[in-house]
Every structure is written in C-alpha cells, then in structure tokens.
Amino acid sequence: AMDCYYKGLSYRDISDQFKQFYIVELHHETIRRWILKFSKVLNDYSSKIQPNIKGNWNADETLILTKRGKDDKNTNFDYVWNVMDNKSKFLLASVNSGRSRSSKDAEKVFREAYNQNGKMPNKIIVDGYKGYEDGCRKAFRNWGNERKIDFVSIKGRRKHINNNAIENLNSSVKEFHKIRRGVKETQTYQDGFKVFHNYIRKSAKQKLTPAEKCDLTIPNQNRWIGMLNQNVQEIKS
C-alpha cells in the first residue's frame, strides 16, 4: 500500500488493486490510516540515520495545495521547504511551514538538514529569495570571520550555476500531490515522501537510490519491508 501510494495511486485505486490481485476488501480510509501511521514510523527511524555527506546542498521552497481551508488572502496553499545533497540527491530535510515564508523557515529547514546529516555543507545553492541567506547565517553562524559555508544565490547567474537538482525534486513533489487535490497532514506526507525518495525510488540512470549512493543499504529486496525490519531490530535492541 505504501509503495502504491508514493508511486502515485489514490487510496481508492489501491483499494481496488488489493481487491483485484489479493481478493482482499479494504476501505480506502483503512489504507489512509496505514499510510499516515507508517510514514511517521519510517521517517522517525530514517531521521536517525546519518549519511554524513560533506558537499554541496541545494535548497528551495515550493507550494502545495492543502485542504485546510483558505486564509485571509484567499489562498489554500502551504509552503514546503526542501534541502538536498547535490551529488547523491539525498533529501536531508522537507519541512512544511504552512502559509509562512520567512527567514525563520529557511533557518528551520537548514537546522533539520544539519541534524539529519551530522555535518555542515561546503556550499549551499539557493534561488533569489533573500531569506535563505539570513537563515543560513543564523543556522550555522555563517558570518564574518566565522564564515564556514560558501553561500551562493543563482539570481542573475543561471548561465554559470543552477538549482536544477532541487527544482526537479519539487516538480516530483508537485506531481505527487496533484492527484490528491490537496491534503491536510502535509508534513506527514512529506515525511513519507522523503523516505520514498531516499530509500525506495531508484534513479533511472544509475539504478540506485540516494541512500545507496551514500553507502546506506537495506538488507532486503523489498526495501519497504527491509526498513521496517531494521526499525523493529533497533527497537528490540
């Protein structure tokens, strides 16, 4: 069910697939509860695994349609902020800030990316939004003589440097949410999508997941079950 959902099927499509292939009657709300529960379980587990990447990060935010109702500006979109390692495409952080778009949100996603990775990057590449620079400064004390990270904005420099890696990811996020026509539990679904992107979906060219590119392997042909088994073993120990 998790695999079908994060590969684009709706709850009702998954319910129909279970009925056709396994002769199992499942209500779509049952599947919804499964997805929300195990997205949280697997994200809690995977957040403790550090890829220890020390390279370049790409950061960008995107808008996701929600079902939480419209705000006073007549919009029903939430912001999702993503930070990704440029080389492996490992998604280090995916944070829903609701209707807020500020430097504090940029700071929060940078801190979460650092907690996931365990190391600061050499470089952070962003678009033209000025809040990223302030977020980077506060998250990493990246100012004056303490400056450790090369902060790069692509604004006016697209011929020389780009943010394509994270922009392609955001396109995938938008495509994932398109069939949902809005969700309420945006952060939980982003957590599940982060697990799916890092540990389940293999790249078309290299046939590797971002986790495998970071030498993080799952000892099972079924990667979902492999992650669950590892989680269970950790709990037991």
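In this predicted model, helix H5 covers residues 131-140 and is mostly covered, with seven of its 10 residues buried. The buried members of H5 are Gly131, Tyr132, Asp134, Gly135, Cys136, Ala139 and Phe140.

**Helix H5 and its surroundings**
- The cover over the buried residues of H5 includes strands E1 and E2, helix H4 (103-117), strand E4 (123-126) and strand E5 (150-153).
- Directly after H5 comes Arg141, which has a positive phi, near 50 degrees.

- Strand E1 (residues 56-65) runs antiparallel to E2, and nine bridges join the two.
- Within this pairing, Trp57 has Asp85 in E2 as its bridge partner.
- Strand E3 (residues 91-98) likewise runs antiparallel to E2, through six bridges.
- Opposite Tyr79 stands Gly98 of E3.

**Ala93, a residue of strand E3**
- Which strand holds Ala93? Ala93 is placed in strand E3.
- Is Ala93 buried or exposed? Its relative accessibility is 0%, and Ala93 therefore counts as buried, the limit being under 20%.
- Beyond its neighbours within four places in sequence, Ala93 is in contact with Trp81, Asn82, Val83, Val109, Glu112, Ala113 and Lys194.
- Asp191 is 98 residues away from Ala93 in sequence, while the C-alpha atoms of the two are 8.8 Å apart in space.

**Gln17, a residue of helix H2**
- Gln17 belongs to helix H2, which comprises residues 11-22.
- Because its relative accessibility is 26%, Gln17 counts as partly exposed.
- Apart from neighbours within four places in sequence, the contacts of Gln17 are with Cys4, Leu9 and Tyr22.
- Gln17 and Phe77 are 60 residues apart along the chain, and a distance of 31 Å separates their C-alpha atoms.

**Overall fold**
- How many helices and strands does the protein chain have? Its secondary structure amounts to nine helices and five strands.
- Read from the N terminus, the order of elements is α-α-α-β-β-β-α-β-α-β-α-α-α-α.
- The radius of gyration of the protein chain is 19 Å, which agrees with the value near 18 Å that a compact globule of 237 residues would have.
- The C-alpha trace spans about 65 × 45 × 35 Å along its principal axes.
- Among contacts with a separation of 6 or more, 64% involve residues 24 or more positions apart.

**Burial, surface and charge**
- Buried residues make up 46% of the 237 in the protein chain.
- The protein chain exposes about 13000 Å², of which carbon and sulfur atoms supply 48%.
- There are 45 positive and 27 negative side chains, and the centres of these two sets lie 2 Å apart.

How values were computed
Residues are numbered from 1 along each chain as its sequence is written. This is a predicted model: local features need pLDDT of at least 70, side-chain atom pairs count only at pLDDT 80 or more; totals for chains, interfaces and linings use all residues. Side-chain values use heavy atoms; hydrogens and water are left out. Helices (H or I, at least four residues) and strands (E, at least two) are DSSP runs, numbered from the N terminus. The radius of gyration is taken over C-alpha atoms; the globule rule is 2.2 Å times the number of residues to the power 0.38. Buried means under 20% relative accessible area, exposed over 50%, partly exposed in between (1.4 Å probe, protein chains only). Contact means heavy atoms within 4.5 Å. Accessible areas come from the Shrake-Rupley method with a 1.4 Å probe; for residues, only the protein chains shown count as cover. Lys and Arg count as positive and Asp and Glu as negative; His and the chain ends are not counted. The place of a charge is taken as NZ of Lys, CZ of Arg, CG of Asp or CD of Glu. Two strands pair if DSSP finds at least two bridges between them.
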